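Subject: Structure for you, with notes on helix packing and salt bridges

Hello,

Please find the structure below. My notes on it follow.

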Amino acid sequence: MYIIIIGGGQVGYFLAKALLDEGHELLVLEKDAARTAFICNELGSVCVRGDGCEMATLEEAGAGRADMFVAVTGEDEDNLVSCQAAKHKFNVRRTVARVNNPNNETIFRKMGIDVAISSTSIILENIEEEVPTHPITHLLDIQEQGLEIVEVKIPPHSTTIGKTVKELPLPTGNTLSLVIRGQQKPFVPDEDTVLEAEDQIVAITTPESEEALGTALRGS
Amino acid sequence: MKVVIMGCGRVGGRLAGLLDIEGHKVAILDLDDYSFRRLPPEFGGTALVGNGTDEDALKKAGIEKADAFIALTQGDNRNIMACQIAKHIFNVPRVLCRTYDPLRRELFGSLGIETFSPTTIFAQMIKEQLLKEKPEAEKKAK
């Protein structure tokens, strides 16, 4: 796959390194001369100095034949504009952008960026999950379908302990896909599975219904 | 008309003054409150320190009830992003964007943002002025 990366900072550099190891053809566009030289020294001539929002630069970089376009600079406006240029001017099939301000995720999605990753949200979530009382842990977002995979832990004195899955007021469209119970082998629950304290339940939900799912599983 | 302007540079400050005198309700945003010195002393609108690509700052400036949003910062990308937020998140009926780069102007114009490129406009104006016949009076004076 031919992948263009905009921004050769920490994220861009380590991403380039990882993708090169996987055998992809890639090009990093970086504005800063010293940073460009550093990346070329470390990874070979995969980095070119240039502004990833300039149409001429993108043209020279071969954006027209890129399979994937990734913008990971520290500025949201630059990431948005370069991804839009890639998508609408060069018809790149898949565009991925880093979002620094979590509030901007909405506008990125609305403007047709295929994947918008908010590093700030990810760090926040990871830290939140370390707080023992945190009810729902996000495992994975499936952005295209608007779904997410979460883990819910049943607290020791929950009102739902002893109930079967079919007795729970699960929001529509939610699926319980796995139960992890103590040292047992994880199993797929059915409607007659009885909840136990400390069960960890992996479920598929949506951003709108995850709160209702949490309440259904953990009781009030 | 309620207008939100992002960027209180020479153009932003002047435009804010012009609209204010005509009785429009103007709110102007800039990252640096020192920029507000460019507003005329009699300016009766609102001047707010804030980032126009930040939804909360835009809300404070009254974007939810604005009839128009105009982006006039030095950064093309910042202007484009702010305009897209105004148009697609806050549904502002009229959104105008300054874009120095003519190619970016073309692309985002085709994506539905009303954009101006001072680069194209001024180059054209100056060329026309230069190649225009001089008025008769001036010719005689020589």
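Over all chains, this predicted model holds twelve salt bridges. A salt bridge here is a side-chain nitrogen of Lys or Arg within 4 Å of a carboxyl oxygen of Asp or Glu.

One of them joins B:Arg104 and A:Glu54, at 3.5 Å from N to O. This pair crosses between chains: B:Arg104 sits in helix α4 (residues 102-110) of chain B, and A:Glu54 in the loop between β3 (47-49) and α3 (55-60) of chain A. Helices (H or I, at least four residues) and strands (E, at least two) are DSSP runs, numbered from the N terminus. B:Arg104 is buried, because its relative accessibility is 5%, and A:Glu54 is partly exposed at 29%. For these classes, buried means under 20% relative accessible area, exposed over 50%, and partly exposed in between (1.4 Å probe, protein chains only). A:Glu54 and B:Arg104 also belong to a network of salt bridges that includes B:Asp101.

Within chain A, A:Glu196 and A:Arg181 form a salt bridge, with 3.4 Å between the closest N and O atoms. Both residues lie in the loop between β9 (175-180) and β10 (200-205) of chain A, so the pair ties together parts 15 residues apart in sequence. A:Glu196 is partly exposed at 38% relative accessibility, whereas A:Arg181 is buried at 12%.

In chain B, the side chains of B:Glu114 and B:Arg94 meet in a salt bridge at 2.7 Å, N to O. B:Glu114 is in strand β6 (residues 114-116) and B:Arg94 in strand β5 (residues 94-98), so this bridge ties together parts 20 residues apart in sequence. B:Glu114 is partly exposed, with a relative accessible area of 34%, and B:Arg94 is partly exposed at 44%.

On helix packing: the axes of α1 (residues 10-21) and α2 (residues 33-43) of chain A come within 11 Å and cross at roughly 25°. That makes α1(A) roughly parallel to α2(A), a class that covers angles under 35 degrees. Axes are lines fitted to C-alpha atoms over the stretch in contact, with angles from 0 to 180 degrees between N-to-C directions. Residues in the contact (heavy atoms within 4.5 Å) include A:Tyr13 and A:Leu20 of α1(A), and A:Phe38 and A:Ile39 of α2(A).

Residues are numbered from 1 along each chain as its sequence is written, and chains are lettered from A and ligands numbered from 1 in the order in which they are written. Local features need pLDDT of at least 70 and side-chain atom pairs count only at pLDDT 80 or more, while totals for chains, interfaces and linings use all residues; side-chain values use heavy atoms, with hydrogens and water left out.

Regards

Terms used. Parallel < 35°, antiparallel > 145°, perpendicular 65-115°, else oblique.
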